[in-house]
Amino acid sequence: MTASIIDGKLIAEQVRGEVAEEVTKLIAAGMPRPGLATVLVGDNPASHVYVKSKRKSCEELGIESYGFELPATATQEQLDSLLVKLNADPKVNGILVQLPLPGHLDEERALSLISIDKDVDGFHPVNVGRLAMKRRDPIFVPCTPAGCIVLLQRSGCKLEGKRAVVLGRSNIVGMPAALLLVRENATVTICHSKTQNLPDVVREADILIAAIGRARFVKGSWVKPGAYVIDVGINQIEDATKKSGHRLVGDVDFDEVKEVAGAITPVPGGVGPMTIAMLMRNVVRAAKAASKK
Ligand code: NDP
């Protein structure tokens, strides 16, 4: 069997198109342009790249973006007062604090300060708590796991009643992905670094989401024939055939697993493009909710 490839670029483009259409409708109805505030603290080069691409995406879809940069030496008070100011600013519908923050700053405090109505990353403890509770709805859910669910749904995967295995239990990917799968009525097993007999557990999965940060870790012999495989991992490995000397691979051994799985996301071009698309969707949802208040 050769798996069908779940084209994350294509599906992300569809979502982005839907978001752009929503923005056009909002403007036509006389509402203000949705706005995202990005907060970047310090000089982490990867964080600068991520924020730049988020702001570029806003521009492409007709969303205003407001960039705020604080130096690496910023105090907690400076960060807190910026977030309080953004919470009160009606032009700002969503607030994104780019993680990781410099070590001396309290990430949990910062994320908790963001108004839950503007928590477009879905990391506020109240939103996470609601995600975990029956008959409660989070206002926003984290973007990468939400993107995984959309990839599954739009590639024809029925989630209800299926056995799902999530590799990883981080706050930003593994745990919310598992909680979202439960909400979709899948039966979910969460694996982590202390899980025993991992290949045997993975073999039970109709749906596998891998988010551990280990290059090509999941082997073809671990995968149930026909399974849907969503590879969140982004790992850089050496590759002498590339000009840069390296390339990106996922947590799944793509060449092996594509021979067994029913459908699989590539890396790059799978989950990656979905994350920003889902963020944009959340900003527009925030703007619509704000306009109803
Ligand atoms: P973390 O490092 O925060 O979490 C990794 C998780 O994997 C932990 O729960 C850890 O277990 C588990 N783990 C580590 N090694 C093993 C192992 N050998 N067997 C089983 N479980 C293991 O990573 P993130 O969740 O932040 O990211 C995971 C991957 O996803 C990374 O490659 C990251 O780059 C990528 N990523 C991609 C995004 C995208 O947009 N495509 C967005 C975010 C992340 P334990 O809890 O026991 O330590």
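Author: A pocket here is an open set of grid points, found over the protein atoms alone, where a 1.4 Å probe fits and where protein lies on both sides within 12 Å along at least five of seven lines; a residue counts as lining if it has an atom within 4 Å of a point. Please keep in mind throughout that this is a predicted model.

With that in hand, the largest pocket can be described by its lining, which is made up of 46 residues, and those nearest its centre are Tyr50, Thr144, Ile234, Gly272 and Thr275. The space in the largest pocket comes to about 1,200 Å³. Sorted by class, its lining holds 25 nonpolar residues, 11 polar ones and 10 charged ones.

The helices α1 (8-28), α2 (45-61), α6 (143-154) and α10 (272-292), together with the strand β4 (94-97), each give at least two residues to the lining of the largest pocket. The chain is divided into domain 1 (30-115) and domain 2 (143-273), and each of these two domains contributes at least three residues to the lining. The C-alpha centres of domain 1 and domain 2 are 29 Å apart.

Turning to the ligand, you will find 21 residues around it, and the closest of them are Arg169, Ser170, Ser193, Ile234 and Thr275. The shell around the ligand consists of nine nonpolar, 10 polar and two charged residues. Ile234 and Thr275, listed here among the closest residues to the ligand, are also listed among the residues nearest the centre of the largest pocket.

Arginine 169 places a polar side-chain atom 2.7 Å from an oxygen atom of the ligand, while arginine 214 has a polar side-chain atom 3.3 Å from a nitrogen atom of the ligand. For isoleucine 234 it is the backbone that matters here, with a polar backbone atom 3.0 Å from an oxygen atom of the ligand. Taken alone, the ligand would expose 930 Å², and the protein buries 71% of that.

Conventions. Residues numbered from 1 in each chain as written. Predicted model: local features only at pLDDT ≥ 70, side-chain atom pairs only at ≥ 80, totals over all residues. Heavy atoms only, no water. Near = heavy atom within 4 Å. Polar contact = N/O pair within 3.5 Å; in protein donor to acceptor, adjacent residues only side chain to side chain. Areas by Shrake-Rupley, 256 points an atom, 1.4 Å probe, with all protein chains shown as cover. Nonpolar A, V, L, I, M, F, W, Y, C, P; charged D, E, K, R; others polar. 1 Å grid on protein atoms, 1.4 Å probe; cavity = no way out; pocket = protein on both sides within 12 Å on 5 of 7 lines; lining within 4 Å. Points joined across faces, edges and corners; volume = space filled by probe spheres on them. Helix = DSSP H or I, 4+ residues; strand = E, 2+ residues; numbered from the N terminus. Domains from an automatic or database assignment.
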